[in-house]
Amino acid sequence: MRTANPTLNDNIFGRQRVKSGKRMMTLAGTVNKVFILLFILMATAYYTWNLYYNNQPVTTYIWIGIIGSLIFALITAFIPKAAPVTAPIYAALEGLFIGAISAQYANLYEGIVIQAAMLTMMTLFALLIAYKLRIIKVTKNFRLGVFAATLGIFLVYLLDIILRSFTSIQVPLLHESSLLGIGISLFIVAVAALNLVLDFDFIERASNRGVPKHMEWYGAFGLVVTLVWLYIEMLRLLAKLRNR
């Protein structure tokens with residue numbers, strides 16, 4: 001069994017073992033690492049945000065953020081022991097991209113960034129409460145359903161990137177502000193949000209298994225990956241609604 005988030009799965013955590021006398025991963029420790037990564041991300045996002053509003057070019061930073069964060073995300077995914085170093089670097093690079101993109105959205109739609117950020121945080125805390133109260137139960141079918149939906153979304157986005165890179169064609173409705181286009185965005189936002197539930201569940205189970213302390217950084221990294229995806233989808237959804 002695995003979560004829909006490919007960076008958080010039982011195979012990864014299962015390969016980790018604690019040597020005698022070493023500290024173990026805890027839920028509280030993972031939460032602290034999440035806040036550290038989010039602070040780093042917001043700091044670099046603020047930097048590129050200011051550049052944009054001071055009429056400085058940000059295209060280079062966008063590409064540095066996209067390519068750099070992808071590289072360090074892959075390193076973290078394949079080498080969990082490196083997470084204490086690579087996860088903060090990933091957050092810093094992702095922040096460069098998030099800040100520049102957010103500034104561009106804010107320039108087109110007043111107040112949209114604050115709305116997207118608030119909706120993302122409200123979704124995070126609402127689902128965390130629902131998970132802790134066991135209002136949402138993570139079952140085998142639940143995991144499989146969210147994983148299948150996430151994989152399908154990834155493949156659609158990949159197809160869209162390929163088509164737009166080599167032709168003038170794009171996936172129908174994906175970028176449109178029609179009612180169907182908004183419906184698609186709502187579905188993607190819902191799937192991204194449900195990934196948070198799986199991340200909560202997996203981090204909790206992993207923290208009870210006695211895995212090494214460095215896995216706190218790895219677990220925090222996986223959760224931040226989901227939060228970034230959810231935030232971007234919130235921006236896209238709100239932009240479509242504004243266009244209506």
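Is glutamate 233 buried or exposed? Glutamate 233 is buried, because its relative accessible area is 2%, where buried means under 20% relative accessible area, exposed over 50%, and partly exposed in between (1.4 Å probe, protein chains only). The structure is a predicted model, in which local features need pLDDT of at least 70, side-chain atom pairs count only at pLDDT 80 or more, and totals for chains, interfaces and linings use all residues. Residues are numbered from 1 along each chain as its sequence is written, and side-chain values use heavy atoms, with hydrogens and water left out.

The overall fold comes next. The protein chain has eight helices and zero strands, where helices (H or I, at least four residues) and strands (E, at least two) are DSSP runs numbered from the N terminus. In sequence order the pattern is α-α-α-α-α-α-α-α. The radius of gyration of the protein chain is 18 Å, close to the 18 Å that the globule rule gives for 244 residues, so the chain is as compact as a globular protein of that length. That radius is taken over C-alpha atoms, and the globule rule is 2.2 Å times the number of residues to the power 0.38. Along the principal axes, the C-alpha atoms fill a box of roughly 55 × 40 × 35 Å.

Of the 244 residues in the protein chain, 49% are buried. The accessible surface comes to about 12800 Å², and 69% of this surface belongs to carbon and sulfur atoms; accessible areas come from the Shrake-Rupley method with a 1.4 Å probe, and for residues only the protein chains shown count as cover. Among contacts (heavy atoms within 4.5 Å) between residues at least 6 apart in sequence, 85% join residues at least 24 apart.

In soluble globular proteins, nonpolar side chains tend to be buried together. A nonpolar core is here a set of buried Ala, Val, Leu, Ile, Met, Phe, Trp, Tyr and Cys residues joined through side-chain atoms within 4.5 Å. The largest such core has 67 residues, and Leu37 and Leu196 have the most contacts inside it. Two or more residues each are given to this core by H2, H3, helix H4 (83–108), helix H5 (112–132), helix H6 (140–166), H7 and H8. H8 gives the most, with 17 residues. Leaving aside neighbours within four places in sequence, leucine 196 is in contact with Leu124, Leu127, Leu223, Thr226, Leu227 and Leu230.

Threonine 76, in helix H3, is also buried, because its relative accessible area is 0%. Not counting residues up to four places away in sequence, threonine 76 touches Ala83, Thr86, Ala87, Tyr218 and Phe221.

Side chains of opposite charge can pair when their charged atoms come close. A salt bridge is a side-chain nitrogen of Lys or Arg within 4 Å of a carboxyl oxygen of Asp or Glu, and by this rule the count comes to eight salt bridges. One of them joins glutamate 216 and lysine 33, with the closest N and O atoms 2.8 Å apart. Glutamate 216 lies in helix H8 (residues 215–243) and lysine 33 in helix H2 (residues 27–53), so the pair ties together parts that are 183 residues apart in sequence. Both glutamate 216 and lysine 33 are buried.

Other pairs lie within one helix. In helix H7 (residues 179–207), arginine 205 and aspartate 201 are four residues apart, so about one helical turn separates them; their side chains meet in a salt bridge (2.9 Å, N to O). Arginine 205 is partly exposed, with a relative accessible area of 23%, whereas aspartate 201 is buried at 8%. Glutamate 233, the residue of the opening question, forms a salt bridge with arginine 236, the closest N and O atoms being 3.5 Å apart. Glutamate 233 and arginine 236 are three residues apart in helix H8, about one turn of the helix. Arginine 236 counts as buried, at 15% relative accessibility. Elsewhere, salt bridges that share partners join Lys33, Lys213 and Glu216 into one network.

Isoleucine 71 is found in helix H3 (residues 59–78) and counts as partly exposed, at 44% relative accessibility.
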